[in-house]
Amino acid sequence: KLKKMDDEAPDAPPQLSATLTKKVISGKRARHHLFLTGILAILCLLGVSSPSSAEFFALIPANTAMVKYRFWNLLTAAYFENSLFMGVLNTSVALLVGRMLERKWGVEFLKLMVAVNLATMIIVFIIMIGCYATTMSDTFLFSPICGFSAANAAFGVALKQLAPNQKCIASIEQIKFKDIPIIVIGFALGCYMVGLTEFKDLLLVMLGTYFGWLYLRYFMSYPGVSVKGDNSDEFAFKTLFPGYTRPFGALLGNISFALCEMCGFCKVVNTPDVEMGVTNVKPSVSIPDVPQATSEAERQMAERRRQLAFKAINERLEQLKKQQASKNATPSTKEATQKIAVADPKIKAAKD
């Protein structure tokens, strides 16, 4: 039975047999990511060739809300870059990963990008103002902050959600999509420690990872799904962390859930209400204890196998019921059958 069910189970979709060097997500032709990478390349060249352009595009706290009131910098800073190394890196990642996500989600991946970039820049602005108020150092007010690192970090979280068990590189078994968020943070930390990047780049990556998960967990509108967000156990915040740091990740996830519940973005559904058929309560978002890194295709395959198993069990139960019914036939029925067989020689001969 189990072998038969395995044979009948559907094959995994193409993205599970591909890597970052191949076509991971199959779908409609994607073009928005090309427009995005074009903007990133142009603004990077502008920032490198003309450093003074940072006054108009980068987030400079003093210019944004204290001296010149250039509030649009909160929107433009994420797409502007004054470092050639970071510009080439971010543009390449946006071109590669943006194509995958656009094929899977369409324009929804652009909403993810805009939401993460805006939220990150607002929090960075608040942090810089707080640091200035604490230290009274003008560096926090006049240092330009820019770069697409936050959105790229969020794209890494999206890949982890789509196919966590997929290998990033075909020849390396140990590195999978579920490891991308922590690898990105580790890479950003390493580049900062050796002097390749600045602290603001590390801050953008960390905030982008968090806000990317937050948006995908509670606010993302997935194609074909009426409920926003992803409340699956394998996408809990602590699954972004290695095993020994997951208690810390679970704490941050619990705090995020409490804040979202307090703001009305999600609610806990009581079991009695579900049993009574209450439909006016929003779906709950669970905080899992044991993560299970499975992809969407693997979940569909597991569901198909469960259905086949239920079908086999039902068929077996029907057979057992028929056997039990024949064994529990009343004595009067058996005697009547014997009398008829004795009275009719043909039946008796057939019985013999």
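Is Ser92 buried, exposed or partly exposed? Ser92 comes out at 41% relative accessibility, so it counts as partly exposed (buried is under 20% relative accessible area, exposed over 50%, partly exposed in between, with a 1.4 Å probe and protein chains only).

This is a predicted model, so local features need pLDDT of at least 70 and side-chain atom pairs count only at pLDDT 80 or more, while totals for chains, interfaces and linings use all residues. Residues are numbered from 1 along each chain as its sequence is written, and side-chain values use heavy atoms, with hydrogens and water left out.

**View 1. The protein chain as a whole.** The secondary structure comes to 16 helices and two strands (DSSP runs numbered from the N terminus: H or I of at least four residues for helices, E of at least two for strands). Of its 352 residues, 37% count as buried. Take the contacts with a separation of 6 or more: 69% of them come from residues 24 or more positions apart (contact means heavy atoms within 4.5 Å).

**View 2. Helix 2 against helix 6.** Helix 2 (residues 32-49) packs on helix 6 at an angle of about 175°, with the axes 9 Å apart (axes are lines fitted to C-alpha atoms, for helices over the stretch in contact, and angles run from 0 to 180 degrees between N-to-C directions). The two helices are therefore roughly antiparallel (over 145 degrees; under 35 is roughly parallel, 65 to 115 roughly perpendicular and the rest oblique). On the helix 2 side, the residues include His32, Leu36, Leu40 and Cys44, and their partners in helix 6 include Leu84, Asn90, Ala94 and Arg99. By class, this contact has nine nonpolar, seven polar and two charged residues (Ala, Val, Leu, Ile, Met, Phe, Trp, Tyr, Cys and Pro are nonpolar, Asp, Glu, Lys and Arg charged, and the others, Gly among them, polar). Ser92 sits in helix 6 too; C-alpha to C-alpha, Ser92 is 9.5 Å from Ala41, although 51 residues separate them in sequence.

**View 3. Helix 6 meets helix 7.** The axes of helix 6 (residues 84-105) and helix 7 come within 7 Å and cross at roughly 125°. That makes helix 6 oblique to helix 7. Here Gly98, Leu101, Glu102 and Trp105 of helix 6 meet Glu108, Phe109 and Leu112 of helix 7. The class count for this contact is four nonpolar, one polar and two charged.

View 4. Helix 7 (residues 108-135) and helix 9 (residues 149-162) have axes that come within 9 Å and cross at roughly 130°. That makes helix 7 oblique to helix 9. Among the contact residues are Phe109, Val116 and Thr120 from helix 7, and Ala150, Ala154 and Phe155 from helix 9. Sorted by class, there are nine nonpolar, two polar and no charged residues. Thr120 counts as buried, at 0% relative accessibility. The Thr120 side chain reaches the backbone oxygen of Val116 at 2.7 Å. Leaving out residues up to four places away in sequence, Thr120 touches Ala150, Leu204, Leu207, Gly208 and Phe211.

**View 5. Two loop residues with positive phi.** Tyr69 lies in the loop between helix 4 (61-65) and helix 5 (73-76), and its phi is near 55°, a positive value in a residue other than glycine. Tyr69 counts as partly exposed at 48% relative accessibility. Met136, in the loop between helix 7 and helix 8 (139-142), has a phi near 60°. Met136 is exposed, with a relative accessible area of 55%.

Notes. A polar contact is a pair of N or O atoms within 3.5 Å; within protein, one must be able to donate a hydrogen and the other to accept it, and residues adjacent in sequence count only if both atoms are side-chain atoms.
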